[in-house]
Amino acid sequence: LANPRTFELKLGGVRIEEPSDGIIEMRNNYFTLASVTNELGSKSNGSEINTDLWRFGFGMDKGYGYGSKESPAPSVILQHSSGVHWSKLRVKGPVSSLADSALLSLYDAFRFGTKTEAGVSFRVTPLVCIYAGYERSAIFRRHLVWQWVGSVALEGSAQWALDKFIDRVMDASPTAAPVVYFLLKNGLSYGVYQLRKEKMNFPFSSEAPIMNDTFKIGVTFIF
């Protein structure tokens with residue numbers, strides 16, 4: 001597939017707390033709508049397949065950073081995000097391989113998927129944040145509910161254990177907690193998604209999903 005461009009809109013509610021002096025905690029539950037397409041300016045060569053994808057879903061950002069709840073700007077937040085989504089993929093133009101064409105046609109309906117994202121937010125004013133991040137998403141051709149629940153439960157248990165460890169770090173060394181959180185949480189998610197490249201419901205026997213990696217820059221307005 002040719003590399004597409006992404007335009008995404010997120011709407012949600014942000015909650016900011018200050019668990020320690022100079023350290024802030026951020027949570028953001030959001031709805032997302034995205035267009036991922038080659039029509040946004042990216043070019044493909046003759047051997048690549050152009051696509052057009054629409055996606056909607058829900059997610060949660062959480063992160064720790066350096067700043068003050070009483071004086072929200074300037075501050076920096078290191079964050080981890082996860083979510084679920086439904087995507088519809090359309091192929092633009094002919095596909096030379098009949099097998100590839102048949103496989104891609106199965107995604108021309110809304111399919112379930114998951115995503116994880118690592119990002120850094122710079123709050124430059126009380127109303128405006130500049131964001132940079134890296135997202136990895138997976139789209140499942142079919143949703144095997146019980147296998148997916150088992151896979152998510154295993155990942156969730158590992159993430160819960162990390163949260164408990166990070167709470168200990170916050171108590172012992174608050175200034176290190178944002179960096180430890182960012183590295184451990186996103187490192188675990190990246191490793192899990194690497195394992196899911198071949199088995200979408202790892203460790204259970206399952207087929208490979210469509211994986212998409214996206215580098216993001218954006219602006220957040222907080223009201």
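**Reading the strand pairings**

Colleague: In this predicted model, what is the bridge partner of L53 in β4?

Modeller: L53 has L89 of β4 as its bridge partner.

Colleague: What makes β3 and β4 a pair?

Modeller: Pairing takes at least two bridges between the strands. β3 and β4 are joined by 17 bridges and run antiparallel, so by that cut-off they pair.

Colleague: What joins β1 to β2?

Modeller: There are 14 bridges between β1 and β2 (residues 23-37), and the two run antiparallel. For I16, the bridge partner in β2 is M26.

Colleague: What is the order of the strands in the open sheet?

Modeller: It reads β1-β2-β3-β4-β5-β6-β7, 7 strands with antiparallel pairing.

Colleague: Why are β1 and β7 left without a neighbour on one side?

Modeller: β1 (5-20) and β7 (210-221) each have a single partner strand, so they stand at the edges of the sheet.

Colleague: By how many degrees are neighbouring strands turned against each other?

Modeller: On average by 15°, with direction ignored.

Colleague: Which helix lies across β4 (75-92), and at what angle does it run?

Modeller: That is α3 (residues 177-195), running at about 25° to β4. Helix α3 also lies across β2, β3 (50-66), β5 (111-123), β6 (128-139) and β7.

Terms used: Residues numbered from 1 in each chain as written. Predicted model: local features only at pLDDT ≥ 70, side-chain atom pairs only at ≥ 80, totals over all residues. Heavy atoms only, no water. Helix = DSSP H or I, 4+ residues; strand = E, 2+ residues; numbered from the N terminus. Axes fitted to C-alpha atoms, helices over the stretch in contact; angles between N-to-C directions. Contact = heavy atoms within 4.5 Å.
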